[in-house]
Every structure is written in C-alpha cells, then in structure tokens.
Number of protein chains: 2
Amino acid sequence: MRLERVVFALNGRRYEVAAGDVHPGTTLLEFIRTRTPFTGTKLGCGEGGCGACVVLIATYDPTKDAVTEFSASSCLTLLYNINLCSVITTEGLGNTQDGFHSIQKRMSGFHASQCGFCTPGMCMSIFTSLANADKSKRPEPRKGFSKLTVSEAERAFSGNMCRCTGYRPIVDACKSFASDVDLEDLGLNIFWKKGDKGSDVSKLPAYTLGGGVCTFPDFLKSEIKSSLLHLTDVSDVTVSGVDWYHPKSIGQYYDLLNSGIFSDCTVKVVVGNTSAGVKGYKDRDLYNKYIDIGGIPELSVIWEKDSGIEIGAATPISKTIDILEQEAGSILCPNGSVVFRKLAEHMSKVATPFVRNTASLGGNIILAQKYPFPSDIATILLGAASTVRLQVYSETLEVTFEEFLEKPPLDPSTLLLSVFIPNWASDSQKESNVILETYRAAPRPLGNAVSYINSAMLGHVSLNEPSGDLVLSNLHMAFGAYGTEHAIRATKVEQHLTGKVLTPSVVLEAVQLLRETIVPMEGTSHPEYRVSVAVGFLFSYLSPFAKGIKGPGKTLNISSAGSLDTDDICNLPLSSRRETISIDEYKPVGEPIKKYAVELQASGEAVYVDDIPAPKNCLYGEFIYSTQSLAHVKNIKFKASLASEKILTFVSANDIPSGGQNIGSSLMFGDEPLFGAPVVEYAGQALGVVIAETQRYANLAGKQVVVEYDTKDLKPPILTVEQAVQNNSYFEVPPKMYPKQVGDFCKGMAEADHKILSTEVKLASQYYFYMETQTTLAIPDEDNTMVVYISSQYPEVAQSSIAKCLGIPFSSVRVITRRVGGGFGGKAFRSCNVATAAALCAFKLRRPVRMYLNRSTDMIMIGVGTP
Amino acid sequence: MRLERVVFALNGRRYEVAAGDVHPGTTLLEFIRTRTPFTGTKLGCGEGGCGACVVLIATYDPTKDAVTEFSASSCLTLLYNINLCSVITTEGLGNTQDGFHSIQKRMSGFHASQCGFCTPGMCMSIFTSLANADKSKRPEPRKGFSKLTVSEAERAFSGNMCRCTGYRPIVDACKSFASDVDLEDLGLNIFWKKGDKGSDVSKLPAYTLGGGVCTFPDFLKSEIKSSLLHLTDVSDVTVSGVDWYHPKSIGQYYDLLNSGIFSDCTVKVVVGNTSAGVKGYKDRDLYNKYIDIGGIPELSVIWEKDSGIEIGAATPISKTIDILEQEAGSILCPNGSVVFRKLAEHMSKVATPFVRNTASLGGNIILAQKYPFPSDIATILLGAASTVRLQVYSETLEVTFEEFLEKPPLDPSTLLLSVFIPNWASDSQKESNVILETYRAAPRPLGNAVSYINSAMLGHVSLNEPSGDLVLSNLHMAFGAYGTEHAIRATKVEQHLTGKVLTPSVVLEAVQLLRETIVPMEGTSHPEYRVSVAVGFLFSYLSPFAKGIKGPGKTLNISSAGSLDTDDICNLPLSSRRETISIDEYKPVGEPIKKYAVELQASGEAVYVDDIPAPKNCLYGEFIYSTQSLAHVKNIKFKASLASEKILTFVSANDIPSGGQNIGSSLMFGDEPLFGAPVVEYAGQALGVVIAETQRYANLAGKQVVVEYDTKDLKPPILTVEQAVQNNSYFEVPPKMYPKQVGDFCKGMAEADHKILSTEVKLASQYYFYMETQTTLAIPDEDNTMVVYISSQYPEVAQSSIAKCLGIPFSSVRVITRRVGGGFGGKAFRSCNVATAAALCAFKLRRPVRMYLNRSTDMIMIGVGTP
Ligand SMILES: Cc1cc2nc3c(=O)[nH]c(=O)nc-3n(C[C@H](O)[C@H](O)[C@H](O)COP(=O)(O)OP(=O)(O)OC[C@H]3O[C@@H](n4cnc5c(N)ncnc54)[C@H](O)[C@@H]3O)c2cc1C
Ligand SMILES: Cc1cc2nc3c(=O)[nH]c(=O)nc-3n(C[C@H](O)[C@H](O)[C@H](O)COP(=O)(O)OP(=O)(O)OC[C@H]3O[C@@H](n4cnc5c(N)ncnc54)[C@H](O)[C@@H]3O)c2cc1C
Ligand code: FES
Ligand code: FES
Ligand code: FES
Ligand code: FES
C-alpha cells in the first residue's frame, strides 16, 4: 500500500513521478508551478481562500466508463492525491499556440481582467461550471449557449477573489454563456455597442457545448484499465524514508498503525488535506509519512435506509450536498425533505466550491472533534440529531453526535467511518411537523468565510389542544463556532421550551438560559457580539410559533411546513448594474477597447515574477520577523524538527558586506533598515531570511524559529499616534510635503450654519491585499552585478536600496519589473525590502534566490495602507 | 559493491549524490556545469584534447594522512569515479568574493587571456603544477616564488589549447612563478614597464608557497576515516536499473560476471574512462551498468623485482612514468636504466598531462588489444619485451606481449592484471650494451597528438671480435599505429640483422624487409608517408652502428650508452620572443593596460551562453545532419537503443509554423535554409533536431539516427569550384561586392622582369576552431515572443532569421549575445542557423531549448573559412 509512483495527466500530457522524487507533502500547485512548464495556475493565498489556484480535476471510473470533473484548489490538494487523475489548467483550455478558449476571449472582451492574477482561476471555475452544467440531463440550450443558468453563472466563481476588476465584468463574461441570459443585459464589451441592439450570440467568441476540451486523455483511461489487473503497490511499511501510503481496507490501515510508524515518525493522515488551509491547523512542520485513508471503501459508503441516510466519512462535502439534495427530492413528504434540504443548503456555504469538492465530510467533523474548530457541519449535524459510526481497531461502534464530540480528542487509533442523518419524514405524522432551521453569521453570504457563530435548531411543532397554541417538542438546539471547544446543545433551553406555549416571558427566559449557555472561551474576539447573535438565532427560530411576539421571520402556515425554508442563497436577487454609456461626440475616445493581452493573462501565459522559470541552483528564502516591538534580539534559534533540517543557511544583518549598509528601502523620510538589528523597532520587522531548497521548506523552516528578546534599557514601544505625540516622536516631513492651507478655515467656519466645535478624525488602515504577494527573484551575474526581478510599483527605489545594501554601484544592479499581480500602493516602498533581502542572500550565496512571501508573512510584515 | 551514493567535495563544499539521481554515465564536467553553481570549468572538446575542462582532483589516503593532487580532464572523468575525492575548479582558487588567486591576477596582468574560454583550464593546469612542485622535496625557492622551474612552466599547460591569445603571454604568466625565472625576460605586462629595470617579485600579485588553497577539506577526511569502519555498499547485483559497481576484489568482479549482467544489459567496464575521448571509441549509446575495476587491489600492484618491474594495469600513465623514472634512477648501471627512462619519456608524449593522470596503463593496452587503436604504449612495451599477467575466471596466466596482442579481442571474462617490464640492466654485461630507442611521428612534439606511426627498437650491441665492428643481437623491433590491427614485431628484419655487420647492403635489405612488413590497412590515410617514416625510424636506429653510412643520428660512444638518449622533450629550447616596445611619444597610447575583466574570465565567473543557468524545464537539442550531398531525404529513423529511448521529440522542417519559412540565416547572398528539406544540398546540412532532457542524451540519441536517402532524378553534387564553373552554378554577387580593378595589370606585367605566363591559385580552407562551439539558449516568453541567447558575431542576423523562420514580427525576437568563446568568423552567419533551430524547437515545445554543439557535429556542420 506504499505508493511507488504517481501517474497523472496534466493538460493531456502524461506525468509520472517516482515516489522518492517528490516529497509527499508537495501540493499539486507547487508541482505544477515548479516542475512543469505551466505557470498559469497562481498562488494567491495557499489556504483555499482565493481561487487563484483553481484547476479542474477529472477522475475516471473504468467500470462505468465515466469521467467526473470538478474544480479544486491545487494549493491544498496534494500531488499524491491525484494519482490516476487528469488535471486541466487554464493553459489546457486554450493558449496562443492552439487558439484561446471562448472563456478566455470573453474575459478579455467583457473587460474582466486587470492585473490578471485572478483570471486563470476564474476561467477554471467558470469552465468547470459550464462543463458540469452541459453534462447534465437538462434540455439542449439555444445554439451557441451552455446549459448553465444565469443564476448559476452568478455563483460559478464564488470563492474566486478579484481585487482589481470588480466582479461585474467577470459575472458578465460568465453569464454570456448562460442558456437563459438576455445578452442585452450584459455590460460594456468589445463585441457590440451597448444600446445598439446588436447583441447576438454570433458576435461572441464561439462556445462549444460541453466546453470543447478533452478533460481525460485516452492513454490514462487505458492505463487505469490495465492497472486494474496488476497493482504495482508495494505492501511493506518502511519506517525510514518519506512515503505515501494508501491503505485499501480498514485492515490495512490498522496494519500500518500496528507497524509502529506513528511512534517513529511524524505522520499525517489525510483525505482532502484541506485542513492545511484552515487557520490554526496549517502544517507547522514537514511530515515524513502520509496515510491517505480516502481509498478505504467503508469510508465511501452511501446507504439510504428508511430511517435515514448513512454517508461515508471520506465523501466530499460537495458530494454530500448532492446526496442530501437528491434524498430531499426523493422524499414525498415535504415536511420531511426539508431537513436534508436545509442541511445541504447550509453546507453550500461552507468554504468555497473548489474546497468543498475535495474536503471530506469526515475531515470537517474530525477537525471539530479534535480541535476548537468553528465547524458548520458539526453544528448542523448535531442539530439534526445525527449519529456517527467509529472504528477502533477491530471494533465498530455507533455513537450519537454529542457523545462523539464530547469524547477526548481522537487519536489515530479511531477511524470515523460514516455519519448517519435520520430521516425526519418518517416521524412527521399528521399531529406534528418537523421544523429545522440552520443559521450562520459570517462576513459573506455565499460562503468562503468561517462563521462567527452558527446554529441548527430542530423541533417538532404541534397544536396544543385545546388552547390551539403551537408548542415545540423533541428539540435539538445546537450552537457552535462561537468560541467553543466544539458545538454544543443548549439542553437547558430545550428543556425549558419543550411543551410550553411560547409567551413573551417563556421566550425571555429561554434567552436568559441561552446567554448562560453560550460562553465564548477566553480570548475569543467579539464575545458579546457572538452571544447576541445566538439570541437573534433563537428568536428567529421561535418567533413563528410565539404568541404575541412580532418576529422578524415569517408566520407559520402549518399546512405547508415545507415552505418554511427561508430563502436566501437559492434566491439571491441577481446582481444588477447601472452604466453610463459614453456618447459618440469624442469618438474614438470613450470607445470600449480591449485591454492588451488579457487573453494571455487568462490563458496563464502572462509572466509574473514567480512564473519566471527558476534558474538552476535557485534557492528560496522566507523572512524571519520580530513578534515584538522595540526589543533587543538576543538570540535566533531554530527548533530541531524535520523542517529545520532543511535550512541551508540563515542570512541576517551580519551578512551585509563590509561596504554595504543595513538598508531595505529608501523612503522619502530616509532609509529604512532591512533588518531590525541590533534592536527591532516594530513587530513584523525582518530579522533575517532562512534559506532552503524549496519555498515550502523555507516557509516551514521559518516556523521553527525561536527568538529571544530582551527589553532591558528600552522604553515601551510607541504604538499609537497619541503616544507618538506624547513622546515627541515624529518623522521629519520634507518641506515640500507640508500640507498647504486651502481657503480660510476660520472665515468658513464662522459663516457656517452648523459649526464644528470640537472633533477627532481617525483613519483606519487596511491591508493592501494584492492577489500576488510580494515576490522577487535575485540572480547574481558576473562581476558582482545583480539582476533582480521584482513585482514592484517602485523598481527604481529597489535599485538604489539594493546597491546601498550591498555596497555596489547603482550600475551593477539591474531591476526588472514584469507583470504585477496587484499593488494598490503595497508594492511601492514595501516591495523594495523584499528585493533587497533576496539580493543580499543571492550576493552572499552566489546563487539565485527567490522569495515569494506566503500570505500570512506578507500580512504581518508588509503592513497596511491608510486611505 | 553497488555504489549507493557519491560523496565528494567541490571547492570545499560537500556534495552527495544518490546513485539513482544521476546517470552513472554523467561526466564530472556535466555534473559541475549543470548541477552546481560553478560554470567556470568549460567544455571545449569533450574528448580530453583541449584542456578547457581541467580541474584539480585530490585524493586522500587516510592510512598515510596524505593528499595527492592531480589535474584531470573533467570531460572524461565520470562523476562516480570521484567518490570521496575533492575537486577544485578555478572558482576554488579565487573569485570576486574571496579575492582572486595570483594565477588569475597574473593571467590578467600578463595579457594572457582574450576570449577567456581556455583561461580557467589554463589556471587549473598551472595551479596543479605549482602545487605539486611546491610539495616536492626541492630546496626552498626565493621568497615569493614557487619551486616550479622555468622549464616545467613551459610544459605546465601542455595539452591546454588557446585559440586567441597565443601561448607566449600564458607561458609568461606561468613562468613568473618559477624559482629560476629572470623576471626581466618576461613579456609586456601591467606590473612593470619593459626595459625599466623595474621587474621585481614584489610588484607581482603575491604567491604563497604551496598555492594557498586547501585542496582537501577536513570534513571529507573525517568522513573517509569513519567510512573505513563501516562500508555502506550494497552487495547485490540488480539487473534492472542503472547502476555503478566497484568490485573490491577479483572474486567480486567474477561474481558480477556470473550474475549475468553482461548478457542482460549494456555494461561498460571502466578505469579512467578516457577511452571515451579516443576517436572511434567514444560512447555511441548509453550504458545501463558501469563496472569500475580500478578498486581491485591486484590491478594496482607495483612490484620491483631484480628481473624487472611489474606494474598494475589500473596504474595511471602518469604514475607509471614516475615509477619508471624512479626505477631508472635507482639502477646504477646507466646502460640498464636507459630502458625505463626511454619508456617513461615516450609515455610523457601520450595524450596530455591531465589525461595521463587518470588514463590507466591497462586501459591503453586493452584498447590496443581489442581495437585497431594507434597506441604508443603497446608499441613500446612490445619493443621492451614486456609480458602481461591475465586473469580468466579463477585462472591467472602470464603471456608475452606479442601473444597477448595476437589473442582474439578479449572479452569481459579476461582481466588484465599487470604488465611486467624486464630490467635490461641485469642483462647488460660488459660484453654487450642494451640500446632502446622509441620513436613517434605525430603533429606535435609535446604529445596531445596520436601517432601516425610509432616504434620501439631494442637490441644488444656488441663488438664483433675480431673485426671490431658493432653487431646487434636479441633484437625487438616493434612498430605500431601505422594502420595496423595492433603493434607488431618486424621479425624478419630482426632475424636479418641479428649478428650482421651493418653494411649499406645489409641495411638496405633490412629496409626492404621492413617495407614488406609495414603494410597499412586498407583505408589508412597517407599510407606511403607512414611506411617511409618507418624506414626513417629504422635508419635512425641503425645508423650509429652502421658501417660506412652517415646517419642523421649521433655516433655511438659505446662506453656511455646511457647518453644515447636523444634529447627532445626534456631539453626543448626554451621559448623566446621578440617584442617591440612602444615609445612614450603618444602616451598613454601604447601603454599596456589590463583587458577588462580577465580576472572574471580566469576565475570562471565570466558568463558565456552555456553558463547561463538552465531555466526550469529546459530541453536540449542535437542536430541531425545529412551525410550525403544532394539527395532526397526519404526517411529519418532512430535505431532502437537506450539512447533513443531518451528522445522526447524530433523537430524538423515540418514544424515550421504556417506563417514561417525554412530559413536558418540570412546571408548577403540570400536566405539559407535551416533544414535541407525536401532535398539536402550538402553533407552536413541540418535535417532536424533531436530533443532530450540533457545535452548528453540528445547527443547520444543523435547517433542512433538512420537516414534513408534517394538520389533519383538528381544530378551529381557540385563539389569543386571547377564543377561549379562547368555547371554554371554561381552565387549572385551583389554589385557592391564586385572586385574592383586596382592598377593596370597588363601594364604591370608587361614591365615586369619575370612574367607570369599562366598560374593557378587555390586557397585551402580551415575549420574555425573557436574553443567554445556553437551554442544558444532559446527561451519562449509570453505572447509568442522569443528570447534567444547566442554566442554570435552577428546577433542582428540571428534576430531576422528567427523572426522569418517562426513567422513572427522582428520585435518579438530578442537576441542577446553575452561573452563569445572565440569566433574567428565562424560565429557570424553560421551561428544564426543554430539559434534559429533552437528557437524553432522552443517555439514548438513552449519550453526553453538549449543547444551546445559537440565538437564533431560543429566541425561537420559549421563548415570552414577561407583565409
Ligand atoms: C478556505 C476554507 C474555508 C473553510 N470554511 C469552512 C466553513 O465555513 N465551515 C466549515 O465547517 N468548515 C470550513 N472549512 C473546513 C473544511 O470543511 C475542512 O477543511 C474539510 O472538511 C476537511 O476535510 P479533508 O478531507 O480535507 O480533511 P483532511 O485535511 O484530509 O484531514 C483533516 C483531519 O481529519 C483527519 N481525518 C479525516 N478523515 C478522517 C476519518 N475518516 N477518520 C479519522 N480521521 C480523519 C485527518 O487525519 C486530519 O487530522 C474550510 C476550509 C477551507 C480550506
Ligand atoms: C586526448 C587523448 C589523447 C590520447 N593520446 C594517446 C596517444 O598519443 N598515445 C596513446 O597510446 N594513447 C593515447 N590516448 C589513449 C589513452 O592512453 C587511453 O585512453 C587510456 O590509457 C585508457 O585508459 P583508461 O583507464 O581511461 O581506460 P578506460 O577508458 O577506462 O577503459 C578502456 C577499455 O579498457 C578496458 N579495460 C581497462 N582496464 C582493463 C583491465 N585491467 N582489464 C580488462 N579490461 C580493461 C575497459 O573495459 C574499456 O573497454 C589518448 C587518449 C586521449 C583521451
Ligand atoms: S485558493 Fe489556492 S491559492 Fe488561494
Ligand atoms: S484582475 Fe483580479 S485580482 Fe487583479
Ligand atoms: S579536454 Fe575536456 S573539454 Fe577539452
Ligand atoms: S583566450 Fe584562449 S581560447 Fe580564447
């Protein structure tokens, strides 16, 4: 069961990787970007949150001769996980050589790309949606269109972030494929002139139903068919070395466990590996062994029983949603189907489509069981009174969801096999109706944002004869994600409400009990907010049944319980726009013209700094930064760990050559040091750069750092403007930048109707959030010269900073900026420090050095802009 | 005995290569240049003939705690052969960062580098000579000098070719270190002004006795010491896979043999692997298995007996020379020592110093035994009446050299253990003197040129009482290399001469008999020349003893036979120069100034095209060229072989994009096609490019090609100017290039004293022989643009050719020329075809493509210049 090689197709080409050749912790994205010619797939966040890395993964079932296609975040999917799959990136849709795909052309024609960094991921999300819609059994669409609907088009790339363009034009490009689109409704584009009544599908780059791309090459189908006959797996467990195991039965899993590998090396058990994108659960070190349990058949069961449905733990969340929706559809009793439908709907807001496609149901639940993880799924399954089936060595046991969550954190000896969700339809007799509502409070309505708090409440509602009042019974009121170890049931509230007529005082007491129940853990942000939202949820749930309370919800029409379903995501109002159409007067000024080379951005051929092929011997750097402000750095050490073994060297202020200076960038207020040495001035200031052979190694190695600080003889840091004023600590503003008085303030105020007597204005600040983090590639050239590629808004400043830091003439530094994946001011001066650091490393090591800041380092180090 | 990993030091850094990671056929040069940051070591010929690749290899003997240093051609030495060695390249001598080495600085100061391509190799040859001289027990030299002598300095880099600079300045740089140099004698330099009496060692960049470089790092010493305790070798023989075996005993060798690997895969038995540089014996395919027999102790014996000396077959030729010289020195009888001394002397002309350091005695002899190889060593050993010891499975046998040579070509079941050379001193009694002379006719006196013919003649000369004439007996007259299967003894001549007084008629008859004996094989070039040289050798040998013949040689002074030794190499007159020293009149014009950046050339930091780090996914191309002139190419196929398995694709005229044209370069006479398609016009014309993952794979794959030609309907090719005139086949010369008449020819001739009535002038042509062969790197960039690095004298022509060939705008082609390793006109138009071919491949494959023509392809394809 040890994997010897990974075979897959990438844009139709065969790739075979010997297991020893690539570390099993390598993500699909890392492999594609560093080992293949395709660099269209971008790294934006590395945590499943931005969509820049979206690819299409296709799997093939030889028994059914069927191909399944789905989008996935290649930044989380591990390379070994796609054995025998086919992967399509945007280059596979179309390119300069083979011609561009209509998606790519329409992205261009609808002005749907600016910096272009998000565009390949957008294209892949759109393509997957089109391909899957066209595969469906829906009726044939109008000629030239897809089966996709406008409403689906609006959601096709939910999860894909764009920081420059705004989503309208992208939605337009996507909608232009929809079977039910009114082309007139679409915005400004190069295909026709708005208002000219010229919109007509024939003017659009032609679309072929199905997408027109072979997503699964025949050679791989044959290989899969023939590999059915002879398995090439090695069955032994080697304790030394770096391996990937994929047990094919529960027995094999426990064989592995019994072999002792868990005691001897660091092991990671994975299904979709998306937990690597979850805050707090990201890899903090390298692992030596991976056990992929996704191939154990018991973990993929789907068992529809009368009493409910059992879903294997390895089932992806998106498939779980499909199953639940299907199940809901197959239940005649509307009142019963609502539970499955509501669960499915709630799950559609978990993460992003491309994460849900690989993230397993079980993985989510296990996270919720083991760690204080704000899971939605655990909460709603608890609310739906689910049970789970567990395996512990040779024993199988079934426990309620509550019992499961309350167990001590599971260790690898327990496998979660499946989840059972009861079918409430069988319960719903004439005399009672099942009511389930789920809630989540999160920053975005379409998902891709972890909940501040979530809840699922289920109860039976019945008429209290003879009063005719509605009463609730059999209540399951689950709350989670509010800063709790795991989701809980508000049992006191349930008991209190059971059988009672919901008078204002009963409800108020319930609220009081809930407030006592929902107690966010120490350190949770906005605790009061979360509690008050919980109260709101309770109130929403109860108000339809309450007596004499006018709630925000609808009133219950008991005869049609099915329609309780408060619409939100399914019936979001379609987005609309207002556009000012330019007049012809100054023609051709105002004429919409195509931005140059959007097709190249869309097809992934546009070259950003990190797309420049790594030169031979290239090394990778990750910043070590201070976590304190104003302190002496006494010592920088690295914990002994697998990742720290990968450290080739550590470059710090000591490595600045004798003629050079500790300068990271030259600001208008003077030079800024590259490293906080010997005293760090602020948290996030660089202390050095750790160098390794891959960016991932460097990043993980950076996490092993232990810095010893000392604040002896130092004043407390100045952290606010007020403290700065108090301490008389000012930048010297160059005279030409002094603010100039405009108008006569006193006169104006004196004449004003409403006078400002006293006021305080505070400007908040915001992270720049360019899609491409800071990145640079420094290549030493002959005679102490340095060629530095940089994603910068100020390459000239980088040149002077590098020259000053290295103590070499300006003429020996060549700074080249290629495409910039968003800047918004954040790649002005701040990009120079990164370039200077890389140049210093390259100068010291005499080897090319690349740095591509991971999102969290970028957020911490680069700082923020003020509006 | 299977090697699991190679551990070595390169410029003090530790390198460890897992056996599976690098093909065992990889040369040290290939590894250094493609896998390390050091690209100073250059590839000039790949066959041990130019010295561009010379490195210092140091070995460590832990039992004696002794380091041995020698120069070696890294283009022939295999990576696996340097396990546990330390390698120093010119970067290790000095560099920008650590400061340059005095050799590098003096190369600059003595104007000893122009294109700089030969310079790193020169530096390494010089350094090795200095280091070894300084290690010797000679007396301390003057302060600031080395123990090297001027005479050694003249030879220090014999074998290193320079095409630009001329050797004088290089010799000067080297001589400047010599203990016995008169600095006044040295040529123009920047350290003092010629004639100013300012020459003084303190003005030269300082030299530290010993060289000042640690050639063997301590960590490797410790590793070697500790590896003595536990051997990590794997003892099994795996039949599949690519492996390197190094049996440590004769038994282990035969275990390997018995395991059947020879029958199942392609195996190469190696010691120094220098045969890979010998014409006709170069690798023509990949091998799967290598057996390094150099570690079998019986092959390294040195056994001095009274009767002679036995030398293990694996002994390097240079060490054999040392042993023979030592042996000669230890023999008191001058007449006896002469044999060993002569053999040593002759061997010093075999190959080059850096080849002799790794080439084994046995390897040479085996080549001579198996193939018609023009060995010097076989001839002289035959002449010296040597015997050899062979192992065939468990049996050991000793045979005379003649018997050995006459055996059918040996197969791997026979191991050559050692060579025994009799000590003729024991024979040389008062009454007879041993006379050995060896001869070789070759283009160059100091070696580095294979013989046209060679010979060794040994005889006992004695006084024929009572006549008082000298007579010869016990003759061994060996001749080789003249176009023979192997060296032979002229037995008829020997018999004829034995005991006879050498009257003119006796000698003449001997000549006649020799002419009957020396019969070059069919197809040998210049057969008559070779035979007449043989006669000359005979005559030279006999003349001192002949009666009434005045020979070219010296007359024999029988009492001091030791001085027979006709000096050549050991007493070459030192080179001298004549220089015109500029006068001060136009100062600073005429002032010697340092050429810019010679130190960078010398330290290997100067970047030539092939030194640009290979971009990720870079592929390599090798031309397939026509071997016929004027023919239809019907079919291009590749033989099934290990090398042809490495072919990724074949690019030909069919791959020229639709808008492009079959243009390789735009000459002043019009465009020249890139490929000879559909009709080839001349032998050497490109037919296509074979693409593989390394240059070596591509080169070997190219050798597998089988082209089918067809000359139907085609006239015979035009091969001479006369045929061209006859066929009225002219280039159209642009009017502005028409020759203009200068003066009045008729008038001049009429007035001349001596009139030319009729004449014919023919200009011969010559290969350009730039040290760096044609090389280019084409990198596709976004939007169908192409960045092409090229070593060219006409980059602007390359730009237009590439644009025309690919059918893209000129502005989409960026041609960059970096340093050019020699051009001499050969990198004008001819370099453009190479660039265009690589650009086409890169365009088709969308990956960077590099081409670095191997010397033989370059010679065949690039053509020649006329003076
Ligand atoms: C960008 C993003 C946004 C997200 N947003 C939300 C959200 O809004 N709400 C929400 O609830 N979740 C959210 N998630 C979490 C997501 O649902 C989980 O990461 C995912 O379900 C984990 O499944 P996996 O297969 O990838 O698990 P893996 O990462 O492969 O495994 C996770 C852990 O579970 C263990 N494990 C997995 N299956 C089993 C099993 N059957 N038996 C025993 N152990 C097992 C593994 O050993 C590992 O320790 C988000 C995730 C991402 C990346
Ligand atoms: C540039 C150059 C110039 C040269 N000029 C000359 C010259 O002028 N005159 C001249 O005579 N030679 C010349 N040579 C040849 C040179 O001497 C031989 O290449 C060298 O001696 C071979 O030794 P090796 O250890 O490198 O053999 P390898 O290349 O390692 O082996 C050669 C062959 O011998 C076999 N072999 C080696 N040792 C044994 C053994 N002990 N038992 C059985 N089989 C064995 C191997 O299996 C292989 O087939 C020249 C070579 C080069 C590269
Ligand atoms: S989702 Fe993968 S990089 Fe952001
Ligand atoms: S165009 Fe979408 S992030 Fe820049
Ligand atoms: S001697 Fe090695 S490249 Fe010429
Ligand atoms: S300088 Fe020696 S070959 Fe050019």
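In the predicted model, a backbone N or O atom of A351(B) lies 3.3 Å from a nitrogen atom of ligand 2. Two further polar pairs involve oxygen atoms of the ligand. One places an oxygen of ligand 2 at 2.7 Å from a polar backbone atom of V271(B). In the other, an N or O atom in the side chain of S360(B) is 2.6 Å from a ligand 2 oxygen. The protein buries 95% of the 970 Å² that ligand 2 exposes when taken alone.

The shell around ligand 2 holds 35 residues. V271(B), T274(B), S275(B), S360(B) and D376(B) come nearest. Four elements of chain B each supply at least two shell residues: β7 (267-270), α13 (361-370), α14 (376-383) and β13 (414-422). The largest share, 5 residues, comes from α13(B).

Elsewhere in chain B, E30(B) sits in helix α1 (residues 28-35). Its relative accessible area is 17%. E30(B) therefore counts as buried, the cut-off being under 20%. The side chain of E30(B) makes a polar contact of 2.8 Å with the side chain of R696(B). Leaving aside residues up to four places away in sequence, E30(B) touches R35(B), T694(B) and R696(B).

Chain A carries a nonpolar surface patch of about 600 Å². M668(A), F669(A), F731(A), V733(A), M737(A) and Y738(A) make this patch. V733(A) is located in the loop between α21 (721-726) and α22 (745-751) of chain A. V733(A) counts as partly exposed because its relative accessibility is 31%.

Technical notes:
Residues numbered from 1 in each chain as written. Chains lettered and ligands numbered in written order. Predicted model: local features only at pLDDT ≥ 70, side-chain atom pairs only at ≥ 80, totals over all residues. Heavy atoms only, no water. Patch = residues over 30% accessible without salt bridge, like charges linked within 9 Å, V, L, I, M, F, W, Y side chains within 5 Å. Areas by Shrake-Rupley, 256 points an atom, 1.4 Å probe, with all protein chains shown as cover. Salt bridge = Lys/Arg side-chain N within 4 Å of Asp/Glu carboxyl O. Buried < 20%, exposed > 50% of the residue type's maximum accessible area, 1.4 Å probe, protein only. Polar contact = N/O pair within 3.5 Å; in protein donor to acceptor, adjacent residues only side chain to side chain. Contact = heavy atoms within 4.5 Å. Near = heavy atom within 4 Å.
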